[in-house]
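Here are some notes to read alongside the model. They are grouped by element, so please keep the structure open as you go.

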Amino acid sequence: MLFFSKNFFIFLFFSQIYAIFAAHLRIQTMEFLSSYPLWLVYSVAGVVIFWFIQLLLWLIVWAAPARRGKREKRGKVAFARSAPSVSVVIYAHNQADALLRNLPEFFAQQYPDFEVIVVDDASSDETPDVLKMMEQRNDHFIHTHLDDEMRTLSRRKLAFMLGVKAAHGEIVIATQAQCTPSSEEWIASVVRNFNEGIDFVLAPVAYENRAGFLSRFYSYDLFQRMITLFGLTLAVRPYAGWGTNLAFRKEVFFANHNQGFANHLNIHPGEDDLFVADVSTRSNVTVECSSQALIIDQQSPLSYGWSRERKNRAFTSHWYHRWPMSVRLLDILSRYLFVLGAWALLVFTLLRVDWTSPSLSYVQFILPAVLLLLLLLRATWVISVNLLNARIFRLRRFWLSPLFWELITPVVDFVFKMRAHDSRKTFYVGYIKLPSSSRFRFKRSDFDRPRSSF
């Protein structure tokens, strides 16, 4: 009985202390709130809400590739034990030097059963000679040619289709002539993700490191879009793919209405992102988050390639799935509303302080301190998550620049969307109505010939 009475008096003592502290805190809070207009307090509350939205998005979505990469390194990801046959399909157009430089890197892959297929898109340079020379040196090499007269369809899609038709492997990995694998384990690192039920594997892509401000911005832009694609694929659902490093089961390509691009044959772009958008589900796509699976794009981003790819993506994004795009829009809106709102309110609250007043109190600095703390916390996690993702893929690390560039990239997105909208007619090849029985029905026997005859 004495024990319970003793505890009761202890509880009563601390409850009184808490009541006194809470009353004092309420008085201080009322004094704090009375020193600012009500609209300003509500504005700060809105900024705090946007801060929490940003925190959740960065933890759940943008940090997902780094978490996946760490789990892969620690052996906590279940990979397939089988080694299916693989066909690497490479698109080339007037890229003889790139093929001469990069094809040996593909032939040097440490994988038991693979072939390399190059689809030449009517090149007018030395590309045919390079391909014939490579054919004589390598047994597991095929090359085919796309005639220049075939202009009624998207040439990239037709070349992609020819490459898949020619493939003998169960798994097809699509890339381009200006790209090179970062390691000899590239194929093995990508293909190990094809567990039962997985039809697509999205693998990392990066520009070759170059000096200069614009090159760094283009590298960051590609890096951030790759992290966005991987993060939304892991956390929300798949919505696109990258044709420079995209792996899929060959049977899935032909199961898509018997032709992979049946739903968008009348537009030029979309051979990679819209193909994934059409066929993917919430569970049949995964990502490979390792540096061994990285493809390096050696094409200078200062050339037309970056601008063209950006414009194509801006046009095809109209057909992406709604939920990933909604999450991305929420991120952009909350990002601008928090960053711009926090800085504006911080400057406004500091300007309201009467620095010469003898009654200057610390209460007047609570609101600016809270806003500054939120800005610093967000800057810390933005830098940290970007560094973690860059370390997983062993890419160029960006420190303070993402704090500025993350406000520029949505503007770049909007500019390219406007440009794509203004020139939308150039993306269409016209509606082509073909009988379902004859729509690109190539004979398998055309590609079952001995490889030396290609």
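**Notes on the helices, the rings and the core**

1. Let me start with helix α11: its 13 residues reach 18 Å from the first C-alpha to the last, close to the 18 Å expected at 1.5 Å a residue. The expected span is 1.5 Å times one less than the number of residues in the helix. Helices (H or I, at least four residues) and strands (E, at least two) are DSSP runs, numbered from the N terminus. Please bear in mind that this is a predicted model, in which local features need pLDDT of at least 70 and side-chain atom pairs count only at pLDDT 80 or more, while totals for chains, interfaces and linings use all residues. Residues are numbered from 1 along each chain as its sequence is written, and side-chain values use heavy atoms, with hydrogens and water left out.

2. How much of α11 is covered? Ten of its 13 residues are buried, so the helix is mostly covered (buried means under 20% relative accessible area, exposed over 50%, partly exposed in between, with a 1.4 Å probe and protein chains only).

3. A charge sits over a ring if NZ of Lys or CZ of Arg is within 6 Å of the ring centre and within 35 degrees of the ring normal. Elsewhere, the charged end of Arg 192 sits over the ring of Phe 79, 4.1 Å from its centre.

4. On to the aromatic pairs. Rings of Phe, Tyr and Trp (its six-membered ring) pair if their centres lie within 6.5 Å; planes under 30 degrees apart count as stacked, over 60 as edge-to-face and the rest as tilted. The count by this rule is 29 aromatic pairs. Why is the pair of Phe 248 and Phe 275 edge-to-face? Their ring centres are 5.2 Å apart and their planes stand at 85°, so the pair falls in that class. Phe 248 belongs to strand β8 (residues 246-249) and Phe 275 to helix α10 (residues 273-279), and the pair links these distant parts of the chain, 27 residues apart. Phe 248 counts as buried at 0% relative accessibility, and Phe 275 also counts as buried, at 0%.

5. Trp 306 is in helix α11 (residues 304-316) and Phe 416 in helix α14 (residues 401-422), so the pair ties together parts 110 residues apart in sequence. Both of these residues are buried. They also belong to one aromatic cluster, whose other members include Phe 213, Tyr 220 and Trp 405.

6. Leaving aside neighbours within four places in sequence, Phe 230 is in contact (heavy atoms within 4.5 Å) with residues including Pro 65, Leu 202, Val 287 and Phe 393.

7. The twelve residues of α6 reach 16 Å from the first C-alpha to the last, close to the 16 Å expected at 1.5 Å a residue. Eleven of these twelve are buried, including Arg 155, Lys 157 and Lys 165. The buried residues of α6 pack against β1 (86-92), β2 (114-121), β3 (141-146), β4 (171-176), β8 and α9 (250-255).

8. Finally, two loop residues to check. Ala 122 is not a glycine, yet has a positive phi of about 50°; Ala 122 is in the loop between β2 and α5 and counts as buried at 16% relative accessibility. Arg 394 has a positive phi too, near 55°. Arg 394 is in the loop between α13 (366-393) and α14, and is exposed, with a relative accessible area of 63%.
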